[in-house]
Amino acid sequence: MTFVDEVKNAVTPRAALLVIGVLGLQLLFIASYVGALHKPKPTDVAFGVVAPQQMSQQLVSQLDGLPGGPLDPRTVSSEAEAREQIMNRDIDGALIVSPEGRTDTLLVASGGGTVLSSALERILTQVEAGQQRTVRTVDVAPASPDDFDGLSSFYLVVGWCVGGYLCASILAISAGTKPANRQRALIRTAVMAVYAVAGGIGGAVIIGPILGALPGSVWGLAGLGALVVFSVGMITLALEALTGIVGIGLAVLIIVIAGNPSAGGAFPLPMLPDFWRAIGPALPPGAGTWVARSIAYFRGNAVTGPLLVLSAWAVAGTALTLLLSMRRRGGPDDGRTEAASSPSPSGGSTAV
(Lines give C-alpha, C1' and ligand atoms only; values in the text may rest on other atoms or scores of the structure.)
Protein backbone atom coordinates (compact mmCIF):
# COMPACT_ATOMS: atom_id res chain seq x y z
CA MET A 1 0.00 0.00 0.00
CA THR A 2 1.41 3.37 -1.02
CA PHE A 3 1.67 6.39 1.23
CA VAL A 4 -1.18 8.07 -0.66
CA ASP A 5 -3.36 5.04 0.01
CA GLU A 6 -2.46 5.24 3.70
CA VAL A 7 -3.47 8.90 3.77
CA LYS A 8 -6.77 8.07 2.09
CA ASN A 9 -7.47 5.39 4.65
CA ALA A 10 -6.40 7.56 7.59
CA VAL A 11 -8.33 10.66 6.49
CA THR A 12 -11.54 9.84 4.67
CA PRO A 13 -13.24 12.50 2.54
CA ARG A 14 -15.90 12.86 5.22
CA ALA A 15 -13.25 13.35 7.91
CA ALA A 16 -11.47 15.89 5.72
CA LEU A 17 -14.68 17.89 5.35
CA LEU A 18 -15.24 17.81 9.11
CA VAL A 19 -11.68 19.01 9.72
CA ILE A 20 -12.22 21.87 7.28
CA GLY A 21 -15.42 22.71 9.15
CA VAL A 22 -13.54 22.74 12.47
CA LEU A 23 -10.95 25.08 10.96
CA GLY A 24 -13.78 27.37 9.88
CA LEU A 25 -15.21 27.36 13.41
CA GLN A 26 -11.78 28.14 14.83
CA LEU A 27 -11.34 31.16 12.57
CA LEU A 28 -14.88 32.34 13.27
CA PHE A 29 -14.19 32.02 17.02
CA ILE A 30 -11.17 34.32 16.71
CA ALA A 31 -13.00 36.79 14.47
CA SER A 32 -16.09 36.90 16.70
CA TYR A 33 -14.37 37.33 20.06
CA VAL A 34 -11.71 39.77 18.88
CA GLY A 35 -14.17 41.65 16.70
CA ALA A 36 -16.63 42.10 19.55
CA LEU A 37 -14.25 42.73 22.44
CA HIS A 38 -11.00 44.24 21.16
CA LYS A 39 -12.12 47.88 21.30
CA PRO A 40 -15.12 48.42 23.58
CA LYS A 41 -16.62 51.87 23.65
CA PRO A 42 -20.03 53.17 24.75
CA THR A 43 -22.41 54.00 21.92
CA ASP A 44 -25.98 55.26 22.25
CA VAL A 45 -26.17 54.44 25.96
CA ALA A 46 -29.72 55.10 27.18
CA PHE A 47 -29.23 58.05 29.53
CA GLY A 48 -31.61 60.28 31.49
CA VAL A 49 -31.28 63.99 32.19
CA VAL A 50 -33.05 65.68 35.10
CA ALA A 51 -32.52 69.45 34.91
CA PRO A 52 -34.39 72.75 35.28
CA GLN A 53 -36.72 73.31 32.36
CA GLN A 54 -34.77 76.26 30.95
CA MET A 55 -31.60 74.21 30.49
CA SER A 56 -32.90 70.67 30.09
CA GLN A 57 -33.21 70.59 26.29
CA GLN A 58 -29.93 72.39 25.80
CA LEU A 59 -28.12 69.83 27.96
CA VAL A 60 -29.77 66.92 26.15
CA SER A 61 -28.63 68.35 22.81
CA GLN A 62 -25.11 68.84 24.15
CA LEU A 63 -24.88 65.25 25.39
CA ASP A 64 -26.40 63.93 22.17
CA GLY A 65 -23.72 65.74 20.17
CA LEU A 66 -20.70 64.33 22.01
CA PRO A 67 -18.01 62.97 19.65
CA GLY A 68 -18.59 59.30 18.83
CA GLY A 69 -22.20 59.39 20.05
CA PRO A 70 -21.63 57.65 23.41
CA LEU A 71 -24.99 58.70 24.86
CA ASP A 72 -28.63 58.51 23.81
CA PRO A 73 -29.98 61.14 26.22
CA ARG A 74 -33.60 61.88 27.02
CA THR A 75 -35.36 64.16 29.51
CA VAL A 76 -36.62 62.58 32.72
CA SER A 77 -39.06 64.39 34.99
CA SER A 78 -37.43 63.79 38.40
CA GLU A 79 -34.67 61.99 40.25
CA ALA A 80 -37.17 59.47 41.59
CA GLU A 81 -38.33 58.72 38.04
CA ALA A 82 -34.71 58.37 36.89
CA ARG A 83 -33.98 55.89 39.67
CA GLU A 84 -37.09 53.90 38.76
CA GLN A 85 -36.14 53.80 35.07
CA ILE A 86 -32.65 52.56 35.96
CA MET A 87 -34.09 49.81 38.17
CA ASN A 88 -36.51 48.90 35.35
CA ARG A 89 -33.47 48.80 33.02
CA ASP A 90 -35.00 51.36 30.68
CA ILE A 91 -31.91 53.59 31.02
CA ASP A 92 -28.34 52.86 32.12
CA GLY A 93 -27.67 56.08 34.00
CA ALA A 94 -28.88 59.61 34.63
CA LEU A 95 -27.51 63.07 35.40
CA ILE A 96 -29.33 65.05 38.08
CA VAL A 97 -28.49 68.74 37.66
CA SER A 98 -28.53 70.85 40.81
CA PRO A 99 -30.52 74.05 40.22
CA GLU A 100 -28.59 75.90 42.92
CA GLY A 101 -25.10 74.50 43.52
CA ARG A 102 -22.39 73.50 41.07
CA THR A 103 -22.21 69.83 42.01
CA ASP A 104 -24.49 67.50 40.05
CA THR A 105 -25.32 63.84 40.68
CA LEU A 106 -24.64 60.97 38.31
CA LEU A 107 -26.79 57.88 38.87
CA VAL A 108 -25.30 54.58 37.65
CA ALA A 109 -25.96 50.87 38.13
CA SER A 110 -22.75 48.86 38.35
CA GLY A 111 -24.83 45.68 38.75
CA GLY A 112 -25.49 45.97 35.02
CA GLY A 113 -21.75 46.08 34.32
CA THR A 114 -19.06 48.01 36.14
CA VAL A 115 -17.24 48.79 32.90
CA LEU A 116 -20.26 50.72 31.63
CA SER A 117 -20.82 52.62 34.88
CA SER A 118 -17.13 53.61 34.92
CA ALA A 119 -17.38 54.78 31.31
CA LEU A 120 -20.41 56.95 32.15
CA GLU A 121 -18.56 58.46 35.11
CA ARG A 122 -15.59 59.32 32.92
CA ILE A 123 -17.73 60.89 30.19
CA LEU A 124 -19.86 62.99 32.53
CA THR A 125 -16.85 64.14 34.56
CA GLN A 126 -15.33 65.55 31.38
CA VAL A 127 -18.59 67.19 30.31
CA GLU A 128 -19.12 68.78 33.71
CA ALA A 129 -15.53 70.00 33.92
CA GLY A 130 -16.05 71.88 30.67
CA GLN A 131 -18.84 73.83 32.38
CA GLN A 132 -16.89 74.41 35.59
CA ARG A 133 -19.11 71.99 37.43
CA THR A 134 -18.37 68.80 39.34
CA VAL A 135 -20.23 65.52 39.57
CA ARG A 136 -20.67 62.98 42.33
CA THR A 137 -21.58 59.40 41.49
CA VAL A 138 -24.35 57.44 43.20
CA ASP A 139 -24.67 53.72 42.45
CA VAL A 140 -28.36 52.82 42.69
CA ALA A 141 -27.83 49.11 41.88
CA PRO A 142 -24.29 48.33 43.06
CA ALA A 143 -22.58 45.10 42.06
CA SER A 144 -21.68 42.77 44.88
CA PRO A 145 -18.11 43.25 46.17
CA ASP A 146 -17.64 39.54 45.48
CA ASP A 147 -18.78 39.95 41.87
CA PHE A 148 -15.70 41.35 40.14
CA ASP A 149 -16.67 43.67 37.26
CA GLY A 150 -20.18 42.18 37.37
CA LEU A 151 -18.95 39.08 35.52
CA SER A 152 -20.35 36.37 37.79
CA SER A 153 -23.77 36.33 36.13
CA PHE A 154 -22.15 35.95 32.71
CA TYR A 155 -19.88 33.08 33.78
CA LEU A 156 -22.83 31.39 35.47
CA VAL A 157 -24.83 31.47 32.23
CA VAL A 158 -21.82 30.35 30.19
CA GLY A 159 -21.51 27.32 32.49
CA TRP A 160 -25.18 26.51 32.01
CA CYS A 161 -24.84 26.81 28.23
CA VAL A 162 -21.76 24.58 28.17
CA GLY A 163 -23.61 21.97 30.21
CA GLY A 164 -26.57 22.08 27.85
CA TYR A 165 -24.73 21.43 24.62
CA LEU A 166 -22.25 18.99 26.18
CA CYS A 167 -25.06 16.85 27.59
CA ALA A 168 -26.81 16.84 24.21
CA SER A 169 -23.52 16.02 22.47
CA ILE A 170 -22.84 13.10 24.81
CA LEU A 171 -26.29 11.68 24.13
CA ALA A 172 -25.56 11.91 20.42
CA ILE A 173 -22.02 10.53 20.44
CA SER A 174 -22.90 7.62 22.71
CA ALA A 175 -25.91 6.33 20.79
CA GLY A 176 -26.29 8.10 17.46
CA THR A 177 -27.11 11.68 16.60
CA LYS A 178 -30.49 10.94 15.04
CA PRO A 179 -33.06 9.20 17.30
CA ALA A 180 -34.44 6.09 15.63
CA ASN A 181 -38.02 6.81 16.71
CA ARG A 182 -40.21 9.21 18.61
CA GLN A 183 -40.02 7.20 21.83
CA ARG A 184 -36.26 7.57 21.96
CA ALA A 185 -36.52 11.26 21.18
CA LEU A 186 -38.94 11.64 24.09
CA ILE A 187 -36.53 9.79 26.37
CA ARG A 188 -33.69 12.11 25.37
CA THR A 189 -35.92 15.11 25.96
CA ALA A 190 -36.80 13.81 29.43
CA VAL A 191 -33.13 13.21 30.23
CA MET A 192 -32.37 16.73 29.08
CA ALA A 193 -35.12 18.14 31.31
CA VAL A 194 -33.87 16.29 34.40
CA TYR A 195 -30.30 17.35 33.68
CA ALA A 196 -31.44 20.96 33.19
CA VAL A 197 -33.18 21.07 36.57
CA ALA A 198 -30.14 19.59 38.31
CA GLY A 199 -27.79 21.97 36.52
CA GLY A 200 -29.94 25.00 37.27
CA ILE A 201 -30.17 24.25 40.99
CA GLY A 202 -26.51 23.32 41.25
CA GLY A 203 -25.30 26.49 39.54
CA ALA A 204 -27.54 28.73 41.62
CA VAL A 205 -26.42 27.12 44.88
CA ILE A 206 -22.74 27.38 43.97
CA ILE A 207 -22.85 31.03 42.92
CA GLY A 208 -25.14 32.08 45.78
CA PRO A 209 -24.95 30.31 49.15
CA ILE A 210 -21.57 28.64 48.56
CA LEU A 211 -19.47 31.38 46.92
CA GLY A 212 -21.62 34.42 47.69
CA ALA A 213 -20.80 35.85 44.26
CA LEU A 214 -24.36 36.87 43.37
CA PRO A 215 -27.22 38.16 45.53
CA GLY A 216 -30.86 37.63 44.60
CA SER A 217 -33.24 34.72 44.72
CA VAL A 218 -31.53 31.33 44.61
CA TRP A 219 -34.71 29.71 43.30
CA GLY A 220 -35.13 32.46 40.73
CA LEU A 221 -31.61 31.78 39.44
CA ALA A 222 -32.22 28.03 39.60
CA GLY A 223 -35.32 28.37 37.43
CA LEU A 224 -33.40 30.52 34.97
CA GLY A 225 -30.60 27.97 34.89
CA ALA A 226 -32.95 25.11 34.15
CA LEU A 227 -34.44 27.07 31.24
CA VAL A 228 -31.02 28.04 29.85
CA VAL A 229 -29.66 24.48 30.04
CA PHE A 230 -32.83 22.99 28.53
CA SER A 231 -33.06 25.51 25.69
CA VAL A 232 -29.41 25.06 24.71
CA GLY A 233 -29.59 21.29 25.08
CA MET A 234 -32.75 20.92 23.02
CA ILE A 235 -31.61 23.15 20.18
CA THR A 236 -28.39 21.10 20.09
CA LEU A 237 -30.38 17.84 19.94
CA ALA A 238 -32.50 19.33 17.16
CA LEU A 239 -29.46 20.35 15.12
CA GLU A 240 -27.98 16.88 15.63
CA ALA A 241 -31.21 15.25 14.51
CA LEU A 242 -31.24 17.49 11.45
CA THR A 243 -27.60 17.32 10.34
CA GLY A 244 -25.98 14.51 12.32
CA ILE A 245 -22.65 15.13 14.00
CA VAL A 246 -22.37 18.46 12.17
CA GLY A 247 -25.10 19.68 14.52
CA ILE A 248 -22.59 19.79 17.37
CA GLY A 249 -20.54 22.28 15.37
CA LEU A 250 -23.63 24.31 14.54
CA ALA A 251 -24.50 24.48 18.24
CA VAL A 252 -20.97 25.71 19.01
CA LEU A 253 -21.38 28.31 16.26
CA ILE A 254 -24.65 29.64 17.71
CA ILE A 255 -23.91 29.42 21.43
CA VAL A 256 -20.15 29.86 21.76
CA ILE A 257 -18.97 31.75 18.70
CA ALA A 258 -21.96 34.06 18.19
CA GLY A 259 -23.63 33.96 21.61
CA ASN A 260 -20.87 34.41 24.20
CA PRO A 261 -19.12 37.54 22.88
CA SER A 262 -22.48 39.20 22.19
CA ALA A 263 -23.99 38.34 25.58
CA GLY A 264 -23.05 41.62 27.24
CA GLY A 265 -20.99 39.79 29.84
CA ALA A 266 -17.41 40.99 29.52
CA PHE A 267 -18.72 44.31 28.23
CA PRO A 268 -22.39 45.40 28.49
CA LEU A 269 -24.35 45.60 25.26
CA PRO A 270 -24.00 49.42 24.81
CA MET A 271 -20.22 48.94 24.58
CA LEU A 272 -20.31 46.31 21.82
CA PRO A 273 -20.19 46.92 18.05
CA ASP A 274 -23.55 47.14 16.31
CA PHE A 275 -23.61 43.58 14.93
CA TRP A 276 -22.98 41.88 18.27
CA ARG A 277 -25.30 44.28 20.07
CA ALA A 278 -28.06 43.35 17.64
CA ILE A 279 -27.74 39.56 17.87
CA GLY A 280 -26.90 39.24 21.57
CA PRO A 281 -30.39 39.59 23.07
CA ALA A 282 -31.77 36.97 20.65
CA LEU A 283 -29.34 34.22 21.68
CA PRO A 284 -29.41 32.13 24.88
CA PRO A 285 -26.18 33.48 26.47
CA GLY A 286 -27.31 37.10 26.07
CA ALA A 287 -30.87 36.48 27.23
CA GLY A 288 -29.65 34.43 30.18
CA THR A 289 -27.05 37.00 31.27
CA TRP A 290 -29.61 39.80 31.19
CA VAL A 291 -32.07 37.85 33.34
CA ALA A 292 -29.38 36.74 35.81
CA ARG A 293 -28.34 40.37 36.36
CA SER A 294 -31.94 41.46 36.69
CA ILE A 295 -32.58 38.82 39.35
CA ALA A 296 -29.40 39.71 41.23
CA TYR A 297 -29.48 43.51 41.09
CA PHE A 298 -32.67 44.92 39.57
CA ARG A 299 -35.46 43.32 41.63
CA GLY A 300 -36.20 40.87 38.82
CA ASN A 301 -37.38 43.65 36.48
CA ALA A 302 -37.34 43.58 32.66
CA VAL A 303 -37.10 39.80 32.29
CA THR A 304 -40.20 39.00 30.23
CA GLY A 305 -38.59 39.50 26.82
CA PRO A 306 -35.40 37.50 27.52
CA LEU A 307 -37.39 34.68 29.15
CA LEU A 308 -39.56 34.51 26.03
CA VAL A 309 -36.39 34.28 23.93
CA LEU A 310 -35.13 31.34 25.98
CA SER A 311 -38.56 29.69 25.89
CA ALA A 312 -38.70 30.07 22.12
CA TRP A 313 -35.35 28.29 21.74
CA ALA A 314 -36.55 25.52 24.07
CA VAL A 315 -39.87 25.05 22.27
CA ALA A 316 -38.29 25.18 18.82
CA GLY A 317 -35.61 22.68 19.79
CA THR A 318 -38.10 20.28 21.37
CA ALA A 319 -40.58 20.47 18.50
CA LEU A 320 -37.89 20.01 15.85
CA THR A 321 -36.33 17.08 17.71
CA LEU A 322 -39.67 15.28 17.99
CA LEU A 323 -40.71 16.04 14.41
CA LEU A 324 -37.43 14.83 12.97
CA SER A 325 -37.66 11.61 14.98
CA MET A 326 -40.84 10.70 13.09
CA ARG A 327 -39.35 10.97 9.61
CA ARG A 328 -38.35 7.77 7.82
CA ARG A 329 -34.67 7.00 7.98
CA GLY A 330 -33.31 6.42 4.50
CA GLY A 331 -29.80 5.33 5.43
CA PRO A 332 -27.26 4.96 8.18
CA ASP A 333 -26.60 7.84 10.53
CA ASP A 334 -23.44 9.86 9.95
CA GLY A 335 -21.37 8.53 12.81
CA ARG A 336 -23.24 5.92 14.79
CA THR A 337 -26.64 4.49 13.92
CA GLU A 338 -28.84 4.08 16.94
CA ALA A 339 -30.17 0.55 16.95
CA ALA A 340 -31.69 -1.91 19.30
CA SER A 341 -31.36 -5.57 18.51
CA SER A 342 -34.04 -8.16 19.04
CA PRO A 343 -34.01 -11.84 18.13
CA SER A 344 -35.33 -12.73 14.70
CA PRO A 345 -36.93 -16.00 13.68
CA SER A 346 -33.79 -16.97 11.80
CA GLY A 347 -31.64 -16.61 14.89
CA GLY A 348 -30.11 -13.26 13.83
CA SER A 349 -31.17 -9.84 14.93
CA THR A 350 -33.25 -7.03 13.54
CA ALA A 351 -32.45 -3.34 14.01
CA VAL A 352 -35.11 -1.02 15.33
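A charge is taken to sit over a ring if CZ of Arg is within 6 Å of the ring centre and within 35 degrees of the ring normal. In the predicted model described here, the charged end of arginine 89 meets this criterion over the ring of phenylalanine 298, at 4.5 Å from its centre. Arginine 89 also lies over the face of tryptophan 290, where the distance from the ring centre is 3.6 Å.

By class, the lining of the largest pocket divides into 15 nonpolar, six polar and four charged residues. Three helices, namely H5 (114-129), H11 (284-297) and H12 (304-325), each supply at least two residues of this lining, and among the contributors H11 gives the most, with five residues.

The second largest pocket has a volume of about 270 Å³. Its lining consists of Leu17, Leu18, Gly21, Val22 and Leu25, together with Ile245, Val246, Ile248, Gly249, Leu250 and Leu253. The elements giving two or more residues to the lining of the second largest pocket are H2 and helix H9 (246-259). Nine of the residues in this lining are nonpolar and two are polar, whereas no charged residue is present; glycine is counted among the polar residues, and Gly21 and Gly249 both belong to the lining.

Helix H2 (residues 13-37) also carries phenylalanine 29 and tyrosine 33. The structure holds three aromatic pairs in total, one of which is formed by phenylalanine 29 and tyrosine 33, with a centre-to-centre distance of 4.2 Å and an angle of 20° between the planes. This pair is classed as stacked because planes under 30 degrees apart count as such. Because phenylalanine 29 and tyrosine 33 are four residues apart in helix H2, about one helical turn separates them. Phenylalanine 29 has a relative accessible area of 36% and is therefore partly exposed. In the pair formed by phenylalanine 154 and tyrosine 155, the ring centres are 5.5 Å apart and the planes stand at 40°, so the pair is tilted. The two residues of this pair fall into separate accessibility classes: phenylalanine 154 counts as buried at 9% relative accessibility, whereas tyrosine 155 is exposed, with a relative accessible area of 53%.

A search of the whole structure for salt bridges finds four. Among them is the one between aspartate 72 and arginine 74, in which the closest N and O atoms are 3.0 Å apart. Aspartate 72 is partly exposed, with a relative accessible area of 31%, and arginine 74 likewise counts as partly exposed, at 29% relative accessibility. Another salt bridge links glutamate 79 with arginine 83, the closest N and O atoms being separated by 3.3 Å. Both glutamate 79 and arginine 83 lie in helix H4 (residues 79-87), where they are four residues apart, or about one turn of the helix. Glutamate 79 is partly exposed at a relative accessible area of 32%, and arginine 83 is also partly exposed, at 33%.

The salt bridge between glutamate 84 and arginine 299 has its closest N and O atoms 3.5 Å apart. Glutamate 84 lies in helix H4, while arginine 299 is found in the loop between H11 and H12, so the pair ties together parts that are 215 residues apart in sequence. Glutamate 84 counts as partly exposed at 36% relative accessibility, whereas arginine 299, at 55%, counts as exposed.

A further position considered is isoleucine 187, which is placed in helix H7 (residues 182-210). Isoleucine 187 has a relative accessible area of 49% and is partly exposed, because the exposed class begins over 50%. The C-alpha atoms of isoleucine 187 and glycine 200 are separated by 20 Å, the two residues being 13 residues apart along the chain.

Key: Residues are numbered from 1 along each chain as its sequence is written. This is a predicted model: local features need pLDDT of at least 70, side-chain atom pairs count only at pLDDT 80 or more; totals for chains, interfaces and linings use all residues. Side-chain values use heavy atoms; hydrogens and water are left out. Rings of Phe, Tyr and Trp (its six-membered ring) pair if their centres lie within 6.5 Å; planes under 30 degrees apart count as stacked, over 60 as edge-to-face and the rest as tilted. Buried means under 20% relative accessible area, exposed over 50%, partly exposed in between (1.4 Å probe, protein chains only). On a 1 Å grid over the protein atoms alone, a cavity is a set of points where a 1.4 Å probe fits but cannot get out, and a pocket is an open set with protein on both sides within 12 Å along at least five of seven lines; lining residues have an atom within 4 Å of a point. Grid points are joined across faces, edges and corners, and a volume is the space filled by probe spheres set on the points. A salt bridge is a side-chain nitrogen of Lys or Arg within 4 Å of a carboxyl oxygen of Asp or Glu.
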